[in-house]
Structures are given as structure tokens and as C-alpha cells.
Amino acid sequence: MKGNFFTKIVYEFYYLSFFLSERKKKQKEKSNIANKFLKYNNERVLKNIKDKEINKVLILLPHCLQKYSCPLKITSSIENCKKCGQCVIGDFLKIKSEFPVEVKVATGGTLARKHIKDTRPDLVMAVACKRDLVSGIHDAYPVNVYGIFNEIPNEPCIDTTVSIQKVREFLKEIF
Ligand code: SF4
């Protein structure tokens, strides 16, 4: 997949601005940049895939979506989830049975890249926090990665969640 020089410059600009604001500890500025970058990226992805046939989507999830106290090993396969309803992993199992998607939990960038290489999807949909999603989308360019930020109700990296409605809306739009 070939990238566009101008788009690459825009990605670099957002990426550097985000980490600069993080270094300066400017939370609001950092959040604004992440939101703008995600909007720019997602619009670009949707434009790119318009009129293209999408047969397979890889959904990449962060491990922190799983209930912290759950002992089941979903990093090797989300099929190990018993759908008890205490976190959204069970919802993704349901989504997997309804749409032509692969759902993988990536504990880091290396694993995420491996899942993309193994799955060879037409499109990636990634859920992550602002920091991980900004760097993940930047690093993956020109691969089409549609992003959705996870929600952090308590402390970061523990018991996070994501809007299943947003995920479903996106999947309904492309299939
Ligand atoms: S839905 Fe329940 S069983 Fe599945 S991962 Fe979450 S806590 Fe564990």
C-alpha cells in the first residue's frame, strides 16, 4: 500500500505535536490534538475505502478492556471469554459472530503488527488510549487503521471500556 507524501507530513505533524504537548504536560492540548488527529485519520480511512469491497476487518483491542480480576486468558484467544457481562470482551465475541471480523487482543505494538501480518485484513479497526492510538496509527501508516478511543473510568490501563455502539455503527457502515 502506497502512502501520500502530503498525508505523511500531516501525520508527522500531529504525532510530534501530541508528544510535545505530553512532554510539556499540557493535558487539554494533548487531548485536543489526539481528537483532531483521530478525526483526520478516520475521515481519510473512510474516504480511502469508499467503493472498495471490504471482506475482512481486523479488530485490535487493548488488554485493559478485560475485567482486571478475570482469570481467563483472552490474549491468546478471545474465545476463552465466558461472556459473563462484566466487561466488553463478551460483546466483541458477539460482534465476531455477526460480522466478518477477526478480533485480537494486542498487548503491544509488536504483537499488533504480527496480528496485521498474519491476518492480512482489508482494514484494521483499533481500540486504544490516546497515546497508544496516536502512535499506533502513525506507525502503521499507510495501512488503513480506523481508530476508536477507549474510555478510562478509573485509573489508566485497568478496567477500561469502549462504546460498543460506536464499534457497531462503524461495522454497519462498511459492511
Ligand atoms: S466478559 Fe467476563 S469472562 Fe469475558 S473477559 Fe470479561 S470478565 Fe472475563
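Residues are numbered from 1 along each chain as its sequence is written. In this predicted model, local features need pLDDT of at least 70, side-chain atom pairs count only at pLDDT 80 or more, and totals for chains, interfaces and linings use all residues.

Me: Why are α1 and α2 called roughly antiparallel?
Reply: Helix α1 (residues 5-23) and helix α2 (residues 27-49) pack at about 160°, their axes 8 Å apart. Axes are lines fitted to C-alpha atoms, for helices over the stretch in contact, and angles run from 0 to 180 degrees between N-to-C directions. Angles under 35 degrees count as roughly parallel, over 145 as roughly antiparallel, 65 to 115 as roughly perpendicular and the rest as oblique. α1 and α2 are therefore roughly antiparallel.

Me: What makes α2 oblique to α5?
Reply: The axes of α2 and helix α5 (residues 130-140) cross at roughly 40° and come within 10 Å. That angle makes the pair oblique.

Me: Which residues of α2 meet α5?
Reply: S31, A34, F37, L38 and N41 in α2 meet K130, L133, V134 and I137 in α5. Contact requires C-beta atoms, placed from the backbone, within 7 Å.

Me: How do you know that β1 and β2 pair?
Reply: Pairing needs at least two bridges found by DSSP. Six bridges join strand β1 (residues 57-62) to β2, and the two run parallel. P62 stands opposite A106 in β2.

Me: Why is strand β2 called mostly covered?
Reply: In β2 (residues 101-106), five of the six residues are buried. A residue is buried if 20 or more other C-beta atoms lie within 10 Å of its own, exposed if 12 or fewer, and partly exposed in between, with C-beta atoms placed from the backbone.

Key:
Helices (H or I, at least four residues) and strands (E, at least two) are DSSP runs, numbered from the N terminus. Two residues are in contact if their C-beta atoms, placed from the backbone, lie within 7 Å.
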